[in-house]
Amino acid sequence: MADRLGVTSPRTYLPHMTLHDYHLYMKEAHPATAELLDTERLAATEHERWLVEGNEFDDDETGRGGSYRRAQAQGEARRTGITELFRMLGGPDAAGMGTVLDVLGGEGLLSRVWRDLRGVPATAPVPLITGDISGGMVAAALRGGLPAVRQRADRLLLRDGTMNGVLVGYGTHHIPRAQRPAMAAEAWRVLAPGGRLVVHDFAEGSPVARWFGEVVHPWSRAGHDYDHFTRDELTSLLTRAGFEEVTVEEMYDPVILTADTGESALAALVSYMTSMYGLEPASPGREPAAAVERALREVFTYPASTLPASAVPEVTVRADGPRFRAELPRVALVARGHKP
């Protein structure tokens, strides 16, 4: 017999949680978000292959789920770029952003950064709904008290016209090129009139794209062979989906770690990047940390004239009050548009 969602079998939706149990949990723990779920779309996921296929963030043996989650615990590392994305969505306060879907939200990093920026307790409600295709990531977000839904970027499970903002960032290149128009169309569907779409990625041929292709792909078990974006692709993607006033701009999005000494700050940065990408460098005669540091210094360089005045053109360690900061420069492409 089918339950109220129309689910007829106990297939797992999240680790140790069926689709029906997830829906009941959301109605109790996050009733406002539960009201935004499209129950027909939610029930239909039971029969879709992606639900049981998993991905690199689910498998701690062959993927990088565990190491990635450990790195994400350091929410301050990418706060500069995340804060700017909040500004683009309407400001770091709930009144300015409204309700935002964080499509590639993982275990809820952006929600945790939002709480930190606001100086509110870890139990405070957030204006973001964390979405992700990884069951392990969504389960981790729920354990952290965050509203979250497991879904594909091109098959969202929210009702039409319910979001004030949609953010697709920090992993957008993982979406296959053939699925990207559907991703933009789904963002349009769930946005209310006047809603904003922000798409963040790193440009094809940029230092970050080189990092993924030349370092992460050969040095991680899961590999990392994905197509990054170009300005023209982002412009076309949003325009064809119906968004208006589409802009594409560069945004400084560094990784910054601080510590009591310069050496420990640099070590923290190297450790963070190693864990984030599950790196296992094969460098005979060289310590893994030294190999990663060398790769960071070789790949992440920018002409100073192209960066904001406060940015650094290469891996830099400098005093920051009584502490030291290690800064890794990154420049992202960010596309914005609104639904009329």
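## Basis of the model

Buried means under 20% relative accessible area, exposed means over 50%, and partly exposed lies in between (1.4 Å probe, protein chains only). This is a predicted model: local features need pLDDT of at least 70, side-chain atom pairs count only at pLDDT 80 or more, and totals for chains, interfaces and linings use all residues. Residues are numbered from 1 along each chain as its sequence is written, and side-chain values use heavy atoms, with hydrogens and water left out.

## Nonpolar cores

A nonpolar core is a set of buried Ala, Val, Leu, Ile, Met, Phe, Trp, Tyr and Cys residues joined through side-chain atoms within 4.5 Å. The largest one holds 64 residues. Tyr13, Tyr22, Met163, Val166 and Leu197 have the most contacts inside it. A second, separate core has 36 residues, including Leu257, Leu266, Leu296 and Val312.

Contact means heavy atoms within 4.5 Å. Leaving aside neighbours within four places in sequence, Tyr13 is in contact with Thr18, Leu19, Tyr22, Leu42, Thr45, Leu51, Val149, Arg150 and Leu157.

## Aromatic pairs

Rings of Phe, Tyr and Trp (its six-membered ring) pair if their centres lie within 6.5 Å; planes under 30 degrees apart count as stacked, over 60 as edge-to-face and the rest as tilted. Trp188 and Phe243 form an edge-to-face pair, 5.3 Å centre to centre with 85° between the planes. Helices (H or I, at least four residues) and strands (E, at least two) are DSSP runs, numbered from the N terminus. The pair links distant parts of the chain, 55 residues apart: Trp188 is in helix H10 (residues 180–190), and Phe243 is in the loop between helix H12 (231–240) and strand S8 (244–252). Trp188 counts as partly exposed because its relative accessibility is 25%. Phe243 is buried, at 4%.

The ring centres of Phe212 and Tyr277 are 5.4 Å apart and the planes stand at 80°, so this pair is edge-to-face. It too links distant parts of the chain, 65 residues apart. Phe212 is in helix H11 (residues 207–219), while Tyr277 is in the loop between helix H13 (262–276) and helix H14 (288–299). Both Phe212 and Tyr277 are buried. Ring pairs join Trp211, Phe212, Tyr277 and Phe300 in a cluster.

## Charges over rings

A charge sits over a ring if NZ of Lys or CZ of Arg is within 6 Å of the ring centre and within 35 degrees of the ring normal. The charged end of Arg78 sits over the ring of Tyr170, 4.7 Å from its centre. The charged end of Arg180 sits over the ring of Phe229, 4.0 Å from its centre.

## Helix H13

What are the buried residues of H13? They are Gly262, Ala265, Leu266, Leu269, Val270, Tyr272, Met273 and Met276. They cover an arc of only 160° around the axis (taken from the directions from the axis to the C-beta atoms), so they lie on the same side of H13. Just after H13, Gly278 takes a positive phi of about 55°.

His173 lies in the loop between strand S6 (163–168) and H10. It counts as buried because its relative accessibility is 5%. Not counting residues up to four places away in sequence, His173 touches Arg180, Asp201, Phe212, His224, Tyr226, Asp227, His228 and Phe229.

Arg231 is in helix H12. At 39% relative accessibility, Arg231 counts as partly exposed. With residues up to four places away in sequence not counted, Arg231 touches Val248, Glu249, Glu250 and Leu333. The C-alpha atoms of Arg231 and Ala335 are separated by 8.3 Å, and these residues are 104 residues apart along the chain.
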